[in-house]
Amino acid sequence: MDLPRAVGWAKGHRNVLVVAAIIFVFAGADLLINRPKGEGIQWFSAPLLGAGFGLLALIFWPTAKPGPMPRGDTLAHRLIRWATWRGRLVPLLPLLGLAIVVGDLAFNALLSAVPALLTHDLVALLFGAALLVYPFVPARYGRERDFVLLFVGVLALILVLPLLLVRLLLGDLRTSVDLYSAYALAPQTSALLSLLGVRNSIVFLPPETAPGIAFTTAGGLDVIVFITSACSGIYSFAIFASAFAAYVLTEQRTLTRRVFAFFALGILLAYAANILRMAVIVLIGYGFDTPQTGVQGMLVAHSNAGWIIFLAWVGLFWLLLFRFLPREEGTPQIGEATQTPQRGVFCGICGVVLTVAIPATRCPCGKFYHVECLAAEESCPNCHAPPSPHPATDRSAS
Ligand SMILES: [Zn+2]
Ligand SMILES: [Zn+2]
């Protein structure tokens, strides 16, 4: 596939690819930032980052002709319009973004027990930045703009807001993600392990704020695994849930029961996958049990298996999603030409691959175009025929 084809293909599937790219970039960055103890794992981060940025480059690579405008009336669009009082508050978004950025930096400098910028601050800063630039993004990238705003918005909603509320309610500024691990992760993982025949107990050993799972390996070694915030999986879970929410919102135009069921299922299964991930880590420690290699193996598994299981899970889920999520039907106006050409046919004007999402038409000469591209061009670049006024006949001919 040469570059224009690759770009056309990527632009045709850009909503899906943006999600994949974001997850790759986050996985790569996470491996780089929270560098695990296992040797060599950082080599995974380079291909992940490369794949993520490569996809983003393809999606935003300029083409000769701009191609069809993205559909405006998505759930995301309506949600943002509603939240901004029919768009009247949009000019104020940069101010809000600035307030969040300054507020977070001030909180860190003045109040926080840990002045270093942590993951939560990063999310708050990203959200602030997304608000700052929102009104300045051209309408052509409206979908991407909505996607990014919703993605970081939901991420902040999951990661930052609950923590902020708990800190305010308890008056304890040091409360951390460990609270989530203690209530939503450790008991469930412990129960699953018991079910699998590994006797274990949950322990809290004060200075350590994270809960631990204590068990005896098959070889008789007593081990405690602490579920620290970095390995709790909450970050990968939150990234997945936010990307998924933003995708559904920017892709669908009506919240049907099926879309909602898919959404709920996706979040639930991501949570289940996280518990499974923790259990697998303990099981690896339990099984490979010579005193030296056992714990070592578990530590390596801790960091490596986490992302590998998570990425495998995400891949599988997306595959299922595209089989079963209702395709957004093109809603052709009456009399408008809509033809679904075979796979891998590119618009002869903008070079973007044709998909069922965007109405396409076939010129009598046999070339396929987006309806919108052909209308903008006013005549077929191949045979110079004007757009067919009675395209219904096209359909019967095909
Ligand atoms: Zn086109
Ligand atoms: Zn033609």
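Is Trp85 buried or exposed, going by its C-beta neighbours inside 10 Å? Trp85 counts as exposed, because it has 10 such neighbours; a residue is exposed if 12 or fewer other C-beta atoms lie within 10 Å of its own, buried if 20 or more do, and partly exposed in between, with C-beta atoms placed from the backbone.

This is a predicted model, in which local features need pLDDT of at least 70 and side-chain atom pairs count only at pLDDT 80 or more, while totals for chains, interfaces and linings use all residues. Residues are numbered from 1 along each chain as its sequence is written, and chains are lettered from A and ligands numbered from 1 in the order in which they are written.

**The overall picture**

- The protein chain has 14 helices and five strands; helices (H or I, at least four residues) and strands (E, at least two) are DSSP runs, numbered from the N terminus.
- The chain holds 398 residues, and 34% of them count as buried.
- Take the contacts between residues at least 6 apart in sequence: 66% of them join residues at least 24 apart. Two residues are in contact if their C-beta atoms, placed from the backbone, lie within 7 Å.

**The nonpolar cores**

- A nonpolar core here is a set of buried Ala, Val, Leu, Ile, Met, Phe, Trp, Tyr and Cys residues joined through C-beta atoms within 7 Å.
- The largest core has 63 residues, and Leu150, Phe151, Val152, Leu155, Ala243, Ala246 and Val282 touch the most other members. Helix α10 (residues 234–251) gives the most to this core, with 13 residues.
- Leaving aside residues up to four places away in sequence, Leu150 touches Ala76, Ala245, Ala246, Leu249 and Thr250.
- Another core, of 14 residues, lies apart from the largest one; Cys347, Ile349, Val353 and Tyr369 are among its members.
- As background, nonpolar side chains tend to be buried together in soluble globular proteins.

- Helix α5 has 18 residues and reaches 25 Å from its first C-alpha to its last, close to the 26 Å expected at 1.5 Å a residue. The expected span is 1.5 Å times one less than the number of residues.
- Gly97, Ile100 and Asp104 are buried in α5. Seen down the helix axis, the buried residues of α5 fall within an arc of 60°, so they line one face; the arc is that of the directions from the axis to the C-beta atoms.
- The face of α5 turned away from its buried side carries exposed residues, including Leu95, Val102 and Leu110.
- Val148 sits in helix α7 (residues 142–159) and counts as buried because it has 21 C-beta neighbours inside 10 Å. Its C-alpha is 9.7 Å from that of Leu126, which is 22 residues apart from Val148 along the chain.

**The paired strands**

- Two strands pair if DSSP finds at least two bridges between them.
- Strand β1 (residues 200–203) runs antiparallel to β2, joined by four bridges, and Ser201 stands opposite Ala214 in β2.
- Strand β2 (residues 212–216) is also joined to β3 (residues 222–226), by five bridges and again antiparallel. Across this pair, Ile213 stands opposite Val225 and Thr216 stands opposite Asp222.
- β2 and β3 form a hairpin with five residues between them, and Gly220 in the turn has a positive phi of about 90°.

**Positive phi in two loops**

- Trp85 lies in the loop between α4 (75–83) and α5 (93–110), and its phi is near 55°, a positive value in a residue other than glycine.
- His384 lies in the loop between α13 (371–377) and α14 (392–397). His384 is not a glycine, yet its phi is positive, at about 65°. His384 is exposed, with 10 other C-beta atoms within 10 Å.
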